[in-house]
Amino acid sequence: MRGYAGKFLEVDLSTEKVSEAKFRDSVLRQYIGGRGLATKILWDNLGGRWETIDPLGPENLLLVLTGPLTGFFPGGRICVSGKSPQSNGVIGSTIAGEFGIELKCAGWDGIIIMGKAEKPSYLFIFDSHVEIKDASHIWGKNGKQTLKTLTRKGRAELERRNPNYGVWKEPAAIYIGPAGENKVRVAAVLGKWTHAAGYGGYGAVMGSKNLKAVAVKGTGPLPEVYNIDKVSELIDYVSRKCYEDDGFRRHGTGGGGYYFGYKTSSEPVRNWQEEWHDQKSFGVDRFEQRVWTKKYWGDFGCPTTCLKIAMPRVGPFKGAITDNPDYELEAYLGANLGLFTPEENVYLASLIDDLGICGIQGGNVLGFAAELYQRGILTKKDLGGIELKWGDANAFAALAKKIAEREGIGDLLAEGTYRAAIKLTETKRKDVTQYAIQEKGVAIGAHGIRSGEDFAKETGYACSVQAGDHTSLANLPIRKHGELTTIFYDSGVYCFFNTFSLPRDLKWKFYEAVTGWKMTPDEWFDVKGLGILQLQRAMLLLGGPDHRWNPKVHDTNPPRFFEPLPSGPYTGKTVDKKEFEKSKKEYYRAVGWDKDGVPKSSVLKRLGLEEVDKVLKRKL
Amino acid sequence: MPPKEPIWIVRDYLRCSGCRKCEIACSLFHEKRIWPEASRIRVFMLVPGAEVPHFCAQCEDYPCVASCSFSALSVDKETGAVLVDKEKCTACGNCIEACPGRVPHIHPRDNYAVICDLCGGEPQCAKVCQEGGWNALKVVDRGDGLYRIFSRKPEDITRELVINLYGEHGEEFL
């Protein structure tokens with residue numbers, strides 16, 4: 001088997017047992033790695049009792065997986081997964097950095113974590129040596145403090161184990177902040193200072209296992225590939241294509257903060273009450289000129305380096321550090337909160353990273369709360385004295401801290417927009433779910449669908465097996481814009497930002513050069529990728545234990561997306577309900593689901609998923 | 001073929017994006033594998049943003065060569081690079097101790113001191129860095145300048161970069 005290290009690390013935190021797991025070639029060929037393999041592992045281990053598994057209980061698995069293309073395809077990532085405390089399904093949440101490369105160089109394709117540690121712990125991996133270590137000294141620490149300690153202690157440990165090596169580089173690390181420790185459902189798994197696997201809420205899963213971090217150093221090479229000359233040639237080719245896209249390299253996604261607002265009218269503004277703005281102060285040029293301290297910042301093998309480091313040098317937010325911010329955080333911690341200056345935006349993004357909250361999920365629930373305050377539904381008293389006015393960065397910062405600590409109203413908002421909306425609807429005796437801009441428990445990415453001008457289309461979120469995840473959209477036609485291609489990126493596991501200008505068939509060539517295994521588009525779209533999609537859909541529909549999704553009710557868009565846009569060049573435009581229902585039916589047909597949105601028996605049988613069919617028949 | 005001129009790689013850490021393509025190119029060239037820990041150039045990230053590509057600066061007095069008791073180290077007269085004879089090297093670590101920047105490290109599998117050999121005159125790290133337009137590494141002629149001053153420990157370089165990048169907050173992250 002080429003491209004794979006050949007073994008997976010299994011860690012049971014309850015018994016402190018560490019072991020090795022292997023998967024047959026046939027399984028790896030079918031499910032690849034990352035998201036695909038996570039889905040398979042979760043189904044095999046928990047599928048039979050999925051609806052009873054508490055995502056924040058010790059029975060849940062936390063999966064940290066690479067794929068065969070990790071480290072080879074420019075822009076390596078890892079895929080974090082498990083049963084999601086947001087959707088109650090499976091989300092493949094990817095995060096960039098050197099972690100996947102170090103892990104493979106240490107001889108592991110991934111980590112399967114089960115159980116719950118008795119006390120705060122972290123995992124230290126040095127090649128074949130694996131240790132569960134005490135994390136009491138970093139428990140409660142913010143992101144930057146945590147990484148600093150992991151770097152220092154990690155290097156000291158490497159030095160102690162092999163003092164003759166020379167100067168040791170730092171191990172790569174993933175970790176959680178206070179929000180993850182407190183099982184906040186909008187908590188992310190973080191890397192470096194600003195990198196996050198946000199969708200899914202796996203920071204809370206890590207916290208529920210008392211696992212603060214994982215640090216890894218591998219001294220071996222990346223695994224053997226089928227054809228190293230071909231792989232080198234393809235790396236050069238992909239890099240050259242990316243180098244041609246200098247605009248994107250220069251500005252990253254940060255150009256979006258103005259573009260998606262002014263041009264395409266698809267940016268969340270004040271909790272999506274509008275999707276248009278003309279705030280030139282939010283242009284990427286202002287960010288670049290005022291706060292960027294590094295213009296190109298990237299991770300292992302990346303030709304694009306779309307990240308930038310930003311830090312205000314003067315003023316009240318001096319010293320806050322984050323990346324660009326990228327578009328999603330410009331939108332969710334800027335426009336969505338009525339904030340339009342680079343300094344305020346950098347400050348909130350830096351704080352959200354430090355607290356270990358996902359910028360998208362966190363910015364969404366902050367905006368939701370602010371709209372309730374605007375409407376007089378949440379009061380200053382409810383908010384523990386905070387006057388949550390649009391545009392007040394300090395007020396939003398204060399509330400974000402309450403969420404991370406689950407203090408006062410923060411305890412409710414820590415459940416995420418959907419769950420908070422359900423509870424507030426009960427306690428306030430007023431339907432506030434209409435203000436929850438979410439999909440099946442997952443806050444929607446910062447790409448609106450009403451103007452029709454952005455890449456998210458009307459079925460994009462409603463039919464996605466990863467719900468509100470804007471990186472996994474269920475658009476039509478499925479071979480061109482659907483989720484199946486994303487599933488390949490997330491299973492291969494690499495960054496699709498480096499694929500924008502590539503021919504579509506290049507990914508199969510790359511996969512073959514690495515693994516030696518051929519893959520045809522039909523094989524992926526009709527069999528393998530589709531099989532992973534059905535498994536994810538099955539577990540999403542099984543849901544539980546606190547919420548389950550009925551496609552007839554929940555395969556839809558947030559109510560606000562059916563209201564007309566109130567401002568901008570697309571004023572009046574919206575998603576037509578009838579048209580949406582038509583597209584939804586078309587999407588169902590295209591992926592082999594019946595009229596009720598359930599994977600058809602005939603399709604599941606053809607894919608060899610008879611077991612899944614039986615479980616769905618019995619339980620839905 | 002005309003004789004090669006001695007060269008040097010000028011480094012601009014603030015321009016380093018952390019893409020580590022230099023590690024990939026170096027290990028592919030020397031090992032035919034992607035192997036960050038066997039790369040002759042290693043990118044340290046002791047503080048995010050302050051990435052330091054760490055590699056031999058070819059000190060004018062070559063203290064590493066002088067420190068070797070086994071005659072395993074020599075200077076390539078054409079390029080000015082330090083060459084390591086794998087057979088003679090015992091991985092004793094003397095060269096690491098002698099190096100002002102503690103640049104050499106021990107090959108993780110083959111147990112010899114790993115030192116940049118300037119790829120025989122066409123450094124692959126600088127080539128990929130230039131292709132990407134980062135310009136953190138660039139090949140220049142080696143004059144009679146002072147090079148030893150560039151051979152520094154990653155911790156010391158980082159200590160200065162963080163202040164350049166993050167001002168008065170920089171030291172908090174060390």
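Which domains does the domain assignment of chain A give? Domain 1 covers 1-226 + 472-544 and domain 2 covers 245-443, with bounds that come from an automatic or database domain assignment. The model is predicted: local features need pLDDT of at least 70, side-chain atom pairs count only at pLDDT 80 or more, and totals for chains, interfaces and linings use all residues. Residues are numbered from 1 along each chain as its sequence is written, while chains are lettered from A and ligands numbered from 1 in the order in which they are written.

Between the C-alpha centres of domain 1 and domain 2 of chain A the distance is 26 Å. Their contact takes 37 residues from domain 1 of chain A and 33 residues from domain 2 of chain A; two residues are in contact if their C-beta atoms, placed from the backbone, lie within 7 Å. On the domain 1 side, H4 and helix H5 (178-181) of chain A each supply at least two residues, and H5(A) gives the most, with three residues. Helices (H or I, at least four residues) and strands (E, at least two) are DSSP runs, numbered from the N terminus. By class, this side of domain 1 of chain A has 17 nonpolar, 17 polar and three charged residues. Ala, Val, Leu, Ile, Met, Phe, Trp, Tyr, Cys and Pro count as nonpolar, Asp, Glu, Lys and Arg as charged, and the others, Gly among them, as polar.

Between the chains, 37 residues of chain A are in contact with 39 residues of chain B. Helix H3 (99-105), helix H4 (143-161), helix H7 (228-244) and strand E13 (292-297) of chain A each supply at least two residues of the side that touches chain B. E13(A) gives the most to this side, with four residues. The residues of the side of chain A that touches chain B comprise 17 nonpolar, twelve polar and eight charged.
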